[in-house]
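Q: Hi, could you walk me through this one? I'd like to chat about how it is put together.
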Amino acid sequence: MVYDWYESQRAMLSPLAEFAEAASKFYTNPLWPLSQTPGAQRLSASYELMHRLLKSYEKPAFGITSVKVDGREIAIQEQVALDKPFCRLLRFKRFTDDPKMLERLKNAPTVLIVAPLSGHHATLLRDTVRTMLQDHKVFITDWVDARMVPTEQGGFSLDDYIAYVQEFIRHIGPDVHVMSVCQPTVPVLAAISLMASAGEATPRSMVMMGGPIDARKSPTAVNNLAMNKSYEWFETNVIYRVPVNYPGAGRRVYPGFLQHTGFVAMNPDRHFNSHYDFFLDLVRGDTDDAEAHRSFYDEYNAVLDLPAEYYLDTIRIVFQDFALVHGTWTVHGKPVRPQDIRNTALMTIEGELDDISGAGQTEAAHQLCTGVPEADSTHFTVPGAGHYGIFAGRRWRDITYPRVRDFIAAHREGAVQKAPRRRTA
């Protein structure tokens, strides 16, 4: 009923959102006399803020059409490498007419970025992808909104997630380097562990960023909620069925609008101040800051539904049973043994000010992957970075990425030397 009520409310507010958008443009059109009257700018700003608070936000596009490599513009084409019911494996293919540059692009390391399935779309990692494309061939998991998947496709559990990751790794090949951001650190570690236990070729390296490998360490508000509420509470209070106006009608999901409410509730003052500053920027005519606000919230407000099976599995296995660190996790009857990983280098990255994955949660992977040689493992704490700062923004581009790039280069096929183990902040 909650999902149906939300959809009804959204439908009723849609005309008001469109009216607010039109009114905002009405008071800024230079050809309309009222736009020159006192207070017109303030009225326009008020209507635009109303429009953005009431509108529905759809999934944004990656929009990466080119990147600069050594000062030269390289064309980018987004391609679908594999199309699964709950995820598309995307490849960002680079093109150039310069033979020397083409040879360099062909010989670049291949990276699979496993985006989080935790509310936001994979486009949240747009800055991550754009930066990685400077020196790497890049693939990324583009998770599908569960409400768009018909029930005939079956359910999607955490075990299925792990199977998807393994299939993507096999499709790309063993020379791939896997980067997991936040939520997927746990299933990615499980996927590679199972491949190692089965004697399969494993990726050259895995880079794990800000994820709950051991959620017992430095628990945050997110961890505390998952730990202090029972499994039955989550199943009763946050799981609903998709309404009839979507392809996935009847599917049990954790709705995106509930997740978004939780995101905002974590820092309500910050979001209120951000919207007020946006209003003032519009009144002052500060178009650059106003556009930055629009870009951020176009991404932040675009959320997707999570399959109920996957979400509840994650609550139980990762945040309540701590099955990975206790060594009690089995996937399709096979134990998850990170200690069996021997030929995959490991880099963990945390943000000094991360309020979602606390200090030590990601670094705990080193204590589990005892088979990885010490010379092939390293940890880095990004100074002054919050959760998003480890994979997007200035700190990611200027501080974190150079270390990731060098780590991957040191562990690619034919690399002469291995990266020494370092634990730095």
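This is a predicted model: local features need pLDDT of at least 70, side-chain atom pairs count only at pLDDT 80 or more; totals for chains, interfaces and linings use all residues.

Q: What do the buried residues of α10 pack against?
A: They pack against three helices: α2 (40–54), α9 (256–266) and α11 (287–300).

Q: Let's take α2. At what angle do α2 and α10 pack?
A: The angle is about 145 degrees, and the axes of α2 and α10 are 8 Å apart. The crossing of α2 past α10 is right-handed.

Q: Which residues meet there, between α2 and α10?
A: From α2 you have Gln41, Arg42, Ala45, Ser46, Glu48, Leu49, Arg52 and Leu53. They meet His275, Phe278, Phe279, Leu282 and Val283 in α10. Of those α10 residues, His275, Phe278, Phe279 and Leu282 are buried.

Q: How far apart are the end C-alpha atoms of α10, and what should its residues span?
A: Helix α10 covers residues 268–284, and at 1.5 Å a residue its 17 residues should span 24 Å; the end C-alpha atoms are 24 Å apart, which agrees. After α10 comes Gly285, with a positive phi near 80 degrees.

Q: Which residues other than glycine have a positive phi?
A: Asp70 is one of them, with phi near 55 degrees, and Cys182 is another, with phi near 70 degrees. There is also Phe322, which follows α12 and has a positive phi near 50 degrees.

Q: Where are Asp70 and Cys182, and are they buried or exposed?
A: Asp70 is in the loop between β1 (66–69) and β2 (72–83), and with a relative accessible area of 59% it is exposed. Cys182 is in the loop between β6 (176–181) and α6, and at 12% relative accessibility Cys182 counts as buried, since the cut-off for that is under 20%.

Q: You mentioned α12. How many of its residues are buried?
A: Ten of the 13 residues in helix α12 (residues 308–320) are buried, so α12 is mostly covered. They are Ala308, Tyr310, Tyr311, Leu312, Asp313, Thr314, Ile315, Ile317, Val318 and Phe319.

Q: New topic: which residues touch the most other members in the largest nonpolar core?
A: Those are Met132, Ile140, Met179 and Trp329, in a core of 101 residues. Helix α6 (residues 185–197) gives the largest share of this core, with nine residues. There is also a second, separate core of seven residues, including Ala146, Val242, Tyr246 and Val253.

Q: Why would nonpolar side chains be buried together?
A: In soluble globular proteins, that is what nonpolar side chains tend to do.

Q: Back to Met179, what is it in contact with?
A: Setting aside neighbours within four places in sequence, Met179 is in contact with Val111, Leu112, Ile113, Val114, Thr128, Met132, Val207, Met209, Trp396 and Val404.

Q: What about Leu125, where is it and what does it touch?
A: Leu125 is in the loop between β4 (110–114) and α4 (126–132), and its relative accessible area of 1% makes it buried. Not counting residues up to four places away in sequence, Leu125 touches Ile113, Ala115, Pro116, Ile140, Val181 and Phe391. The C-alpha atoms of Leu125 and Ala392 are separated by 7.1 Å, with the two residues 267 residues apart along the chain.

How values were computed. Residues are numbered from 1 along each chain as its sequence is written. Side-chain values use heavy atoms; hydrogens and water are left out. A nonpolar core is a set of buried Ala, Val, Leu, Ile, Met, Phe, Trp, Tyr and Cys residues joined through side-chain atoms within 4.5 Å. Buried means under 20% relative accessible area, exposed over 50%, partly exposed in between (1.4 Å probe, protein chains only). Helices (H or I, at least four residues) and strands (E, at least two) are DSSP runs, numbered from the N terminus. Contact means heavy atoms within 4.5 Å. The expected span of a helix is 1.5 Å times one less than its number of residues. Axes are lines fitted to C-alpha atoms, for helices over the stretch in contact, and angles run from 0 to 180 degrees between N-to-C directions. A crossing is left-handed if the near helix is turned anticlockwise from the far one by less than a right angle, and right-handed if clockwise.
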